[in-house]
Amino acid sequence: MDTILANIDILRVAPVFNVQLILDGLLIGGVFALAAYGLALVWGVMNVKNLAQGDFVMMGGYITWVMAESGIHPFFGIPVAFIALWGFGWMLYKLVIARVIGRDLFTSLLATFGIAIVIEQVLNILYTSDTQTADAGFESLLLFDGLVTVPQVKLIGFALAALLALGVILFMKNSRTGQAIRATSQDPRAARVMGIDTEKIYAFTFSLNAAICGAAGALVAMIWVIQPFFGITYSIRSFVIVVAAGLGNLPGVIAAGLGMGVVEQFGGFVLGAEFQQAIVVGMLLLVLIIRQTLQARKRQVVQ
Amino acid sequence: MTVVKALAYLIAIAIGIGLPFVFPNYTTQFSVMWVMILLALTWDAQGGQMGYNSLGNIFFFGAGMYISAAVQIGLVYDVGEYTAAHGGGIYDFTSAQYFTGLALGFLTAGVLSAISAAVLGWVLIGLRGPYFAIGTLGVAIAAGELVGAWDWLGAGSGISMPTFPGAPDAAKFGFYYMNFVLAAVLFGFLAWLYSTRFGLAINAIRDDEEKAEGMGLHTKTYKRACWSVSAFFLGISGAIFGNMIGFIEPLEVAFQTINFGIFMVLMVLLGGKGTLLGPVVGAILFHAIKEVTWTHMLGTQWVALGLLIVIIVVFFQQGIIGWLRDKRPEWFGIRVDRREGATS
Amino acid sequence: MRKSVLTALAAGAIAFAGPAIAAECETITLGSAISLTGKYSTNGLHAKNGYEFAISKIKENGGVKMGDTCYNFEVIYYDDESTPARGAQLAERLIAQDGVQYMLGPYSSGLTKAIAPVTEKYQIPMVEAEGASRSLFNKGYKYLFAVLSTSEQYLATTVGLAAEVAEKEGKDPSAVRIAIAVENDPFSLDIRQGVLDDAAKFDMKIVIDDKLPRDLSDMSATLTKVRALKPDVLIVSGHSKGAATAVRQIEEQNVSVPMIAVTHCEAADVTGKFGDAANGILCSTQWAETLTYEDPIFGTAANYEQEFKSAYPEYAEKLVPYQTAQASAAVYVFKDAFERANSLDKDAVRDAISDTDLMTFYGGIRFAPEGNNIAKPMVLRQIQSGKYNVVAPSKFASHALEWPRP
C-alpha cells in the first residue's frame, strides 16, 4: 500500500513521468490497436473469432527478424510481412476458415486455436524459443532534460501504424471492395443478391486481417521482442479491445487499443508490473458488466 | 433396454475399479483420464446442455485447488509461513492431519467453488454468446494473475502440497480412486439430473432462451444453479488434481486457461455436444491421442495436436456420438421410419 | 538374421574405428523430463545438449567402469512442455512405465519442484543441474542432489559489491538503494529473496520491488519507475527472455543506473544481440570457461568449452551457457557414483552420490545433507567491451569492476 502511494506521489511531484507513461502507452497501444482492428474486421464481417491473431503478429515478426539477420533493414520487413501474411491468410482461408463461416461460436474459436498452436510450435521448431529482436539501429530522443526518452524507432513505428490504419480506413470507406466488405458485414444475403461475391469478400477480409497483423508484427520485432509463445498475449488483448469497444465500432477499437496501452503503463507503474495483465482483464469485465446493466435497463423500459 | 444399460454401467464401474490392478504402471495416466472426463462432463453440463459456452470454467478448477491447499495447510500451520518458508523448517503432516485436511479441503473447495459460481452468475450470466465466453475467460485469467501476485498463497513460487503418507503406490492408487469415484458420481448425478424437469429446463434455455422465459421459466435461477453444479465438481476435482501433482502454481497448474481450459471444450466437441456419453468418449479419445503423440512425436507433439484440433473442429463438428446418432439412431432409442419416401 | 547383420556391422565398425571399446559396453538408462517446447525450451535444449555431450565424452573415455564390465549412459527424454503439471506426470511415467531407476533433472526450479516429490516417493536418485531454488532443499528430500549453487546466491554477491563500492566512495552502505524487477516464477522469486536478505544485512533500502509477468515483452513501466527513483543498483531476473528484454529496454530508455545485475546473460546471448548496449552489466554465472577447474574426462573448463563448441557448432558464435556445463557435470556425478558404488542398485547409488567429493571442470561438487552443492561458489562477471570478465568474488576475479556503468 505504501509503495502504491509513493508511486502515485512520484507522478504528482514529477509530472513529467506522466508524459513518459502516456507516450509509452500510446506507442504500444498502437500495435495492439492494429491487431485488434484486424480482429474486429473478421469478426464483424464474417463472424470469425480468430484466436490465432497474435500468432500472425509473431509470424510477421519472425519474417522481419529473419530479414534483419540476413542484413536487410527491418523496415523492409513491414511490406514483406504484409504481403507474405496476405498469402498465408488467403491459404488459411481456403483450407480452413471457409469451412468454419456460418457455424457456431466455438467452431471458429477452436479451429483458430488449433491454428495458433501449430504456428507457435512450428516457429519454436524453426527458430527455438530464444527471444529475438530486429535492431533497426535508431537512437532514442531525449526530451525534458532526458527525463522522457522516446526511442525513435517507436515513434516511426507508431507513425507507420497510424498510416496503415488510416489506409485501411480510407480503403474501407471509399473503394468498391471496401464498400462490398461493409455491405457483406451488414447483410450477407442482401449483398449476394446485389451481385457481391461474398465468398471472395470473405477471403479478401481474412487475408487483409492477416496482412495487418503481419505488418504489426514487423513493428513488434523492431520495437519490442518476439518469441514463438508471445502470440497469445496479443490475441487476448485483441479480444479484450474488440469486446470492450463493441463490434462494428472501428474507430472505437483504435481508441480502446491506445487507451489500454496507457492504462497498462500506469497500472504497471503504480501497482507493480505483476498487476498489468490483471488490470487489462479487469477492465474488460468492468466494460461487460456496465454494458450488461445498461442493456438490462433498456429491456425493462421496453417491457 | 434398461437391463442392457444397467449391465453397461456395471461393466464400466468394474473396469474403473479394475484398471489399476490390470495395468498398475499406467495408473497415473488413467487417473488423469478420469480428470479429463470430469472436465468434459462439467463443461458439457452448461456448455452443451444449457448452451452457455464458457471459456473460463478452469477458474473453478484452480480455485478449488488453492482453496483446498489453504484449508489443508491452514488446519495445521500458518499458511503464510508455510509458503514463505524458503529458509528452512520442515513441515510434516501426520496421517490423521493429512486425511482430515484432505476431506475438509475437498469439501470446502467444492462448496466455495459452487458459491462463487452463483455469485459470478449474478454478474456474468446475463451475457450471451461470445461475450459470455470472453467474459468467463477474463475471470479465469484475472484469477491466475491475482493469485500469482498474492504472497500469502506463495505467489508465483507456488505451493508444495503436503505429501500423501504411506508407500509410494498408496498415493497413486489413492488419487486414482478419488478421481474415479468423483467422475462416476458426477456421471450418475448428471444422468439423473438430465432426466428431471431441470434437464428439460436447461435444454429449453439452450434451444430458445426468450421463449423459455416467456413460458414462465426462471431462466436466471436455472442458469446459476446449473453453473454451480459444474463448479462444485470442478472445485473438488481441482483439489484432487493439486494434491496428485504435489506442486501447485497459479498459471500453469491451477488456472491453466490455454491448456485444460480449452481442452475441456475440445473433448466435448470431439465426443458430441449435448449428449451424456459424448464428453466421456471424447475425453477418453483425446487423452489417448495426447498420450500417444507425447511418446512418439517428441518435440512435435503439439504440432500434431494443433492439426488434430483443426481437423476435429472443422470436419467432425457433431462429434463421435452425434455422428453415431445420425447413422444408428435406433441405438439411442430414436425411432426412425425407414420406409421409402418417409420424411422425418 | 537381423541381429547377425547388426553384429557384423558393429564388428566392422570396431575394425574400422580402431580401439572402440565403447561398443562392447552395456547400457545404464537414465530418465529426464526436459523442456523442448514452451517458454523454457531454449534452456531446456541447452541442458539436453549438456547431458548428451557428457554422455558421449564418457563413452569416448571408456564408459562407466564397474569391475570388469563397462557401461554407457542412455537417456529417455520426454518433453515436459515447460509446465509443472506435465512434469510430475512424466516423472511418474518414466519411473512406472519405463522402469527408469536414476533421473537427471528438468530445467527450472518450478519443474524440479514438481518432479522432486515424485522421485522422492519412489526413492529414485535424481541429480539435477537446473533447479536452484532454495525451497527445494528445505523439504528433507533424500534422493535429490543438485550440482549447482542455490539461487539466493546468484545476485547476492552484487549486494556485497555495491556495499564495497559505497564504502570506497566514502558513503555508508546503508545509503545504497536497490531496485528489484524479477519474473514471477519460483527461481526468480528466490533470487529476489536472496537479494532482500543480503540487503537487510547492510540495511539497504529496496525502492522498487516489481514482479514481472511471465510472458514478459515490455518492462517499460518498471524502467520508468527506475528512472524516477534513481536507485544505485538494479536487479533483473527472468530467464533468457527477461535478460533480453531488460538489456534492450535499459539502453532504449536511457536508464543510467551505476550498477545493473542480470541473470541468464549468456543463455540469452546479450552481447551478440545487443552489442555495446550490454556493456557494464553484471551477470551472475554458475560457471565460467575462464576458471581454473579441471577433471580427467572433460579437461579444463576452457577445454570443455572448446570441445563442446566443436561438437555443437551452433554454439560457435556465442559463449557456452553454464546451463550446459552444469548438465554435463550432473552426468559426471552419476558416472563417479556408479563407479564408487560398484553396483546398479539405486540405493547404493544414492549413497554413493551423497558421498560425492569430486573436482570437475565445472567446479567442486560436494553435497550438503539437504542435497545442494556446497563446494562451488557463484561468480559474477561483468560485460566489459563485449567480453565477459570475472569481477567477483575477489578470489576468482580476473578484472576490476568498472563502476559506474558506462
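The model is predicted: local features need pLDDT of at least 70 and side-chain atom pairs count only at pLDDT 80 or more, while totals for chains, interfaces and linings use all residues. Residues are numbered from 1 along each chain as its sequence is written, and chains are lettered from A and ligands numbered from 1 in the order in which they are written.

**Strand pairing in chain C**
- Strands pair if DSSP finds at least two bridges between them, and β10(C), residues 259-262, pairs with β11(C) in the parallel sense over two bridges.
- In β11(C), C:Cys283 is the bridge partner of C:Val262.
- β11(C) also pairs with β16(C), residues 379-384, in the antiparallel sense over four bridges, and C:Leu282 stands opposite C:Gln382 of β16(C).

**Chain B as a whole**
- Chain B holds 15 helices and two strands, where helices (H or I, at least four residues) and strands (E, at least two) are DSSP runs numbered from the N terminus.
- Its radius of gyration, taken over C-alpha atoms, is 21 Å, close to the 20 Å that the globule rule (2.2 Å times the number of residues to the power 0.38) gives for 344 residues, so chain B is as compact as a globular protein of that length.
- Of the 344 residues of chain B, 53% count as buried.

Methods. A residue is buried if 20 or more other C-beta atoms lie within 10 Å of its own, exposed if 12 or fewer, and partly exposed in between; C-beta atoms are placed from the backbone.
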